[in-house]
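Me: I'd like to go through the labels used for this fold and check what each one rests on. Can we start from the definitions?

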Amino acid sequence: MSILNPSKNPLTTCHVGGCRGFLLVALALLVTACSASVDLPERTGEWLVDLGSVYCSPLPVVSFSADREWMVFWTRYFDGDADTGRRSPITSPALLEVDGRRLVLPAGPVDRFDGPSFSPSSLCWDDAGDSVFVRSSGQPGDANRAWYRADVGPDSRLVPVSAPPESCRRSPEVEWQSHREVVIPTEVRGGLQVIRDGCCTAELRLADGRLLVRHEARSALSDLVSIGSYAWSDSRTRLAYTLHEETSWRFGQPTRSFVLEEPEQPDLLDGQVYAFAWRGDDELIGCANRPRSEGGGSSLKRWRFEAAHR
């Protein structure tokens with residue numbers, strides 16, 4: 001077997017050199033695209049429930065009793081039909097004592113898989129804020145959609161009722177439409193403006209034009225930076241929001257979420273958070289992605305902040 005001398009084969013030499021240069025350029029681009037920028041230290045939250053089935057899409061994602069000691073959120077499981085192979089979602093309300101982190105509903109695994117599926121948009125509270133009503137899911141005009149009530153407390157359970165009281169208090173809905181301009185009620189928007197500067201910069205400004213925060217792309221190959229869901233604390237002293245970044249081949253950087261108290265000084269939250277709800281000004285509840293090492297899925301996480309300066 002003979003070995004060719006590169007000095008006697010200029011074409012081979014050029015080809016190898018060209019390939020090597022191409023690979024180096026490609027590697028540089030890949031590193032640029034995949035390497036994360038240096039971020040702020042993450043603020044670590046605590047898991048509120050040991051579930052991987054929390055449903056992040058209901059609007060609002062959680063709802064509080066009048067004294068804010070109890071919280072209703074939603075779980076979603078999929079029930080498989082052995083005959084057809086189809087999997088149907090079962091969406092159920094869950095009741096949690098927030099400070100004690102005691103899960104009352106569902107009482108056990110069987111409650112999560114059996115029984116009717118419920119509609120999150122039907123949830124409402126009675127005048128006293130200590131009983132919650134939900135309606136089974138189905139077609140909007142279906143008269144067979146039964147109502148159920150759950151009294152807030154350690155012995156809570158869902159019981160059928162004829163209908164909720166006419167004064168039943170509903171939480172305000174917030175629509176997030178990521179494919180176009182967001183549709184947010186005025187009382188929730190709070191004068192906030194989401195502004196995109198070209199493809200790769202997104203800003204949050206107040207109605208008077210004051211800049212709150214500006215985010216630029218972390219990758220040279222990004223072609224979309226956008227701010228998704230956001231939520232003001234009760235007295236509008238803090239703002240939680242999510243930031244999305246996509247590359248030119250439609251892959252995305254992991255979603256990052258922040259809490260903003262001082263303009264241009266965002267506080268990075270740990271993990272991936274998809275929806276928010278404030279409990280006053282000093283506690284943020286988020287529906288977040290659980291690491292695989294902890295079972296995966298989505299669950300509820302809480303971040304605590306120092307009392308805001310009034």
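Reply: Contact means heavy atoms within 4.5 Å. Among contacts in the protein between residues at least 6 apart in sequence, 50% join residues at least 24 apart. This is a predicted model, where local features need pLDDT of at least 70, side-chain atom pairs count only at pLDDT 80 or more, and totals for chains, interfaces and linings use all residues. Residues are numbered from 1 along each chain as its sequence is written, and side-chain values use heavy atoms, with hydrogens and water left out.

Me: Why are β1 and β17 said to stand at the edges?

Reply: Their sheet is open, with four strands in the order β1-β19-β18-β17 and antiparallel pairing. β1 (46-47) and β17 (273-279) each have a single partner strand, so one side of each lacks a neighbour in the sheet.

Me: And what is the order of the open sheet that holds β6?

Reply: That one runs β6-β7-β8-β9, four strands with antiparallel pairing. β6 (118-125) and β9 (159-161) are the edges here, because each has a single partner strand. β8 (residues 147-151) and β9 pair over three bridges, and Trp147 has Val161 as its bridge partner in β9.

Me: What does the label "buried" need, and which share of the protein gets it?

Reply: Buried means under 20% relative accessible area, exposed over 50%, partly exposed in between (1.4 Å probe, protein chains only). Buried residues make up 41% of the 310 residues.

Me: Why is a set of residues called a nonpolar core?

Reply: Because its members are buried Ala, Val, Leu, Ile, Met, Phe, Trp, Tyr and Cys residues joined through side-chain atoms within 4.5 Å. The largest has 19 residues, and Val62, Met71, Phe73 and Leu300 have the most contacts inside it. β3 (70-80), β4 (87-97), β17 and β18 each supply at least two residues of this core, with the largest share, three residues, coming from β3. A second, separate core of 16 residues includes Leu204, Leu239, Tyr241 and Phe258.

Conventions:
Two strands pair if DSSP finds at least two bridges between them.
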